[in-house]
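Please look through the sequence and the structure shown here. The paragraphs after it lead through the fold step by step.

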Amino acid sequence: MRLTTEPGRQVNGHMEKILLLAHTDDAGALAPPALEALSAARILSDGLPGSSLTVGLVGGDVMAGADQIASCGAAKMLGVAGPDFAQS
């Protein structure tokens, strides 16, 4: 996917913010569909000059997932963990 914007141009007069939310599995890792969504979010972010990618992980444990994607290039990584957020 290639978005046509001029380098350094802001879209709609402001910087675009991209948020990816993903749920971790029982071991705290990300499943292949979540990794594919992250890849698509990176492509989108790379195609929008000045945009920033934030990744939010939700699950019983998110540390394994955070470690798994630590070098993904996200500007921010957020996590919510605990028994109430585990898959049921």
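A right-handed β-α-β unit is made by β1, α1 and β2. In this predicted model, β1 covers residues 17–23, α1 covers 32–47 and β2 covers 52–59. The unit belongs to a protein chain with two helices and three strands, whose elements follow the order β-α-β-α-β from the N terminus.

The three strands form an open sheet, ordered β1-β2-β3, with parallel pairing. At the edges stand β1 and β3 (76–81); each has a single partner strand, so one side of each lacks a neighbour in the sheet. On average, neighbouring strands are turned by 15° against each other, direction ignored. The helix α1 packs on this sheet and touches β1 and β2, its direction making about 175° with that of β1.

The pairings can be followed strand by strand. β1 and β2 run parallel and are joined by seven bridges; in this part of the sheet, Leu-20 stands opposite Val-55 in β2. β2 also pairs with β3 in the parallel sense, over six bridges. There, Gly-59 stands opposite Ala-81 in β3.

Nonpolar side chains tend to be buried together in soluble globular proteins. Here the largest nonpolar core has 15 residues, and those with the most contacts inside it are Leu-30, Leu-38, Leu-53, Val-55, Leu-57 and Ile-69. At least two residues of this core come from each of β1, α1 and β2. Leu-53 shows how separate parts of the sequence meet: leaving aside residues up to four places away in sequence, Leu-53 touches Ile-18, Leu-38, Ala-41, Arg-42, Ser-45, Ala-74, Ala-75 and Lys-76.

Some totals describe the chain as a whole. Of the contacts in the protein chain with a separation of 6 or more, 60% are between residues 24 or more positions apart. Buried residues make up 31% of the 88 residues. The protein chain exposes about 5,600 Å², and carbon and sulfur atoms supply 56% of that area.

Methods: Residues are numbered from 1 along each chain as its sequence is written. This is a predicted model: local features need pLDDT of at least 70, side-chain atom pairs count only at pLDDT 80 or more; totals for chains, interfaces and linings use all residues. Side-chain values use heavy atoms; hydrogens and water are left out. A nonpolar core is a set of buried Ala, Val, Leu, Ile, Met, Phe, Trp, Tyr and Cys residues joined through side-chain atoms within 4.5 Å. Buried means under 20% relative accessible area, exposed over 50%, partly exposed in between (1.4 Å probe, protein chains only). Helices (H or I, at least four residues) and strands (E, at least two) are DSSP runs, numbered from the N terminus. Contact means heavy atoms within 4.5 Å. Accessible areas come from the Shrake-Rupley method with a 1.4 Å probe; for residues, only the protein chains shown count as cover. Two strands pair if DSSP finds at least two bridges between them. Axes are lines fitted to C-alpha atoms, for helices over the stretch in contact, and angles run from 0 to 180 degrees between N-to-C directions. A crossover is right-handed if, with the strands pointing away from the viewer, the path from the first strand over the helix to the second runs clockwise.
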